[in-house]
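Trainee: Please take me through this structure, starting with how its parts pack together.

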Amino acid sequence: MQTQTYPSSEAFSKIIAVCLNSIDQLDRTQVLGIAAGAFTTYYVTKNFLLDSLRNIPGPFVARLSRFYEVYLKASGKQWIIIHDLHDKDPDAFRQIYGTEKYKKTPFYQAFSFNGVKNLFTAIDSAEHARYRRILAPGFSQATLDGLENVIMNSGVLALLNKFDAKYCDKAVPCNVFTEFGLLSFDVIGELAYGKSFEMIKLDSHPFPGWLKVGVEARSHMFPLLTTYPSVNRYPKALDALFPNAAAAMQKILKFSSDSIEERANEKAAGRRDFTQLMLEAINSTDGDVHLTPEEGHVTSVMLIITGSVTTSTMLTFVTYAVSKHPDVKEKLVQELINAMPDKNATISYKHARKDCLPYLWAIIMEVSRMYPAIPGGMPRLTPDGGDTIAGQFIPGGTVVDVPIWSIHHDDSVFEDPFEFKPERWLGEDDETLMKYNVVFSVGPRMCAGKNLAMMEMTLTLAHLYRRYDVSLVEPEEDMEIIQQFGLLPGKSTPN
């Protein structure tokens with residue numbers, strides 16, 4: 001039998017006393033030097049020698065500090081830098097995002113308001129499923145078909161009437177990014193609050209101004225808030241750091257609360273839009289489909305943000321890409337003439353989809369491939385016990401993502417991926433290509449607003465290009481593309 005002897009408490013005390021006496025003999029510089037050396041040894045050992053991911057290649061500075069990640073996000077070119085760093089495996093996307101096996105990370109806490117979660121920020125699967133059950137009927141194609149006249153009247157036709165009066169046959173440049181933003185705000189306002197903002201008509205409304213202050217002020221901190229998400233656990237401290245943003249958000253939430261209450265006081269709602277769905281959820285006693293009033297107000301705000309910015313951005317990218325390719329524009333216009341001989345006529349969404357207007361659909365697919373609304377990857381955690389991704393074992397609890405930009409520009413899937421070719425979607429392999437157009441993501445967390453986005457874009461573009469000759473003011477200039485959280489059109493630059 002083997003035994004182990006240990007120093008007595010008296011002997012141990014003497015050892016400690018000797019060590020402290022030795023340190024006491026050193027001057028401050030020597031103590032700091034020893035401390036720095038010890039910390040460096042610990043840091044190098046932890047991040048270079050014992051790191052379970054040490055065999056995965058990457059920039060040296062990325063091992064030193066997560067501030068490299070902050071730098072990437074703040075650069076506005078993160079998706080390009082990541083694309084250039086890694087070999088791509090497009091099938092990894094469905095492995096990571098196709099099921100709930102890979103959970104969302106605390107990254108999403110940066111997108112909460114007043115600490116209240118929503119459909120986008122919910123990390124817990126059950127909580128996400130609750131939001132999905134409540135809102136899914138509003139995103140169904142059957143519901144949207146019933147609201148098509150709302151989308152047309154408050155959005156598409158209102159914009160066309162404005163173009164007729166302000167731009168048609170006049171040498172006046174039009175900022176389509178701004179105009180599409182007004183359209184998207186009015187449409188989603190109807191669906192999320194039961195009333196249009198009438199921004200197309202008035203060119204203004206206080207809500208976008210509040211949103212600009214409330215969201216954009218903090219968006220400059222998103223690189224930090226998403227890299228170090230524990231900061232988001234202290235919303236009051238963030239409000240103190242951004243008092244103007246906090247005040248603006250209170251105005252937004254007050255507007256949301258008043259709008260929902262106003263709708264609740266109506267004797268007959270008349271339509272099952274998102275406002276009606278949230279009212280039913282707030283009044284429900286079934287926990288599986290219940291929303292607190294605060295959750296309902298925040299959900300309305302998230303619908304406004306996600307339903308306006310991404311759609312207006314995609315519409316802008318379509319007009320830019322089509323204008324840069326006259327042959328594409330000619331084919332599109334001819335298809336629309338065949339479908340609508342009278343340029344002032346209207347066409348229903350049923351007759352504007354892929355089967356009826358395949359070239360318009362192909363253009364939307366190609367633009368969404370080349371300019372995905374969210375080009376980066378959405379962070380997920382590998383499951384307990386780890387998993388093998390693209391032939392590489394990744395330990396459990398590791399943050400992973402697959403940038404959509406990289407999937408969409410993978411030359412093993414898309415031939416000449418940086419060339420604008422709508423025709424690629426009309427070939428025999430279009431179903432295969434569709435598998436890798438993941439602009440709306442895949443799986444249980446895929447974008448709930450896909451049907452609404454496609455409907456709004458299709459109806460807007462069909463009527464816009466049938467009625468007007470749309471061209472760039474400076475056709476020789478290229479448009480800069482920048483990334484904040486999503487992809488946005490920047491300033492034009494000389495070609």
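Mentor: Helices (H or I, at least four residues) and strands (E, at least two) are DSSP runs, numbered from the N terminus. This is a predicted model, in which local features need pLDDT of at least 70 and side-chain atom pairs count only at pLDDT 80 or more, while totals for chains, interfaces and linings use all residues. Residues are numbered from 1 along each chain as its sequence is written, and side-chain values use heavy atoms, without hydrogens and water.

Trainee: How many helices and strands are there in the protein?

Mentor: The protein has 22 helices and seven strands. Of its 495 residues, 45% count as buried (under 20% relative accessible area; exposed is over 50% and partly exposed lies in between, with a 1.4 Å probe and protein chains only).

Trainee: What share of the contacts joins residues at least 24 apart?

Mentor: Among contacts (heavy atoms within 4.5 Å) between residues at least 6 apart in sequence, 71% join residues at least 24 apart.

Trainee: Let us turn to helix packing. At what angle do α10 and α16 pack?

Mentor: Helix α10, residues 176-193, packs against helix α16, residues 274-283, at about 25°, and their axes are 5 Å apart. The axes are lines fitted to C-alpha atoms, for helices over the stretch in contact, and angles run from 0 to 180 degrees between N-to-C directions. The two helices, α10 and α16, are therefore roughly parallel to each other (under 35 degrees; over 145 is roughly antiparallel, 65 to 115 roughly perpendicular and the rest oblique).

Trainee: Which residues make that contact?

Mentor: From α10 they are L191, A192 and Y193, and from α16 they are F274, T275 and M278.

Trainee: And how do α18 and α19 cross?

Mentor: Helix α18 (residues 326-339) and α19 cross at roughly 140°, their axes coming within 8 Å. That angle makes α18 oblique to α19. On the α18 side the meeting residues are V328, K331, L332 and E335, and on the α19 side P358, Y359, L360 and I363.

Trainee: What is F207 in contact with?

Mentor: Leaving aside neighbours within four places in sequence, F207 contacts F185, Y193, F197, I252, F255 and I304. Y193 also belongs to the α10 side of the contact with α16.

Trainee: New topic: charges. How many salt bridges does the structure hold?

Mentor: It holds 22, where a salt bridge is a side-chain nitrogen of Lys or Arg within 4 Å of a carboxyl oxygen of Asp or Glu. Side chains of opposite charge can pair when their charged atoms come close.

Trainee: Are E366 and R369 buried or exposed?

Mentor: E366 is buried, with a relative accessible area of 0%, and R369 is buried with a value of 0% as well. They are three residues apart in helix α19 (residues 358-370), so about one helical turn separates E366 from R369.

Trainee: Where do E69 and K73 sit?

Mentor: Both are in helix α4 (residues 67-75), four residues apart, which means a separation of about one helical turn. E69 is partly exposed at 25% relative accessible area, whereas K73 counts as buried at 14%.

Trainee: Which parts does the pair of D203 and K166 tie together?

Mentor: The side chains of D203 and K166 meet at 3.9 Å, N to O, in a salt bridge. D203 lies in the loop between α11 (199-202) and α12 (206-219) and K166 in helix α9 (residues 148-166), so the pair ties together parts that are 37 residues apart in sequence. D203 is partly exposed at 42%, and K166 is partly exposed at 37%.

Trainee: Which residues are linked in a network of salt bridges?

Mentor: K117, E127, R130 and E295 are linked in such a network.

Trainee: Back to α4 for a moment. What does F67 touch?

Mentor: F67, which is placed in helix α4, touches L224 and Y228, not counting residues up to four places away in sequence. The C-alpha atoms of F67 and P223 are 9.2 Å apart, although 156 residues separate them along the chain. F67 is exposed, with a relative accessible area of 52%.
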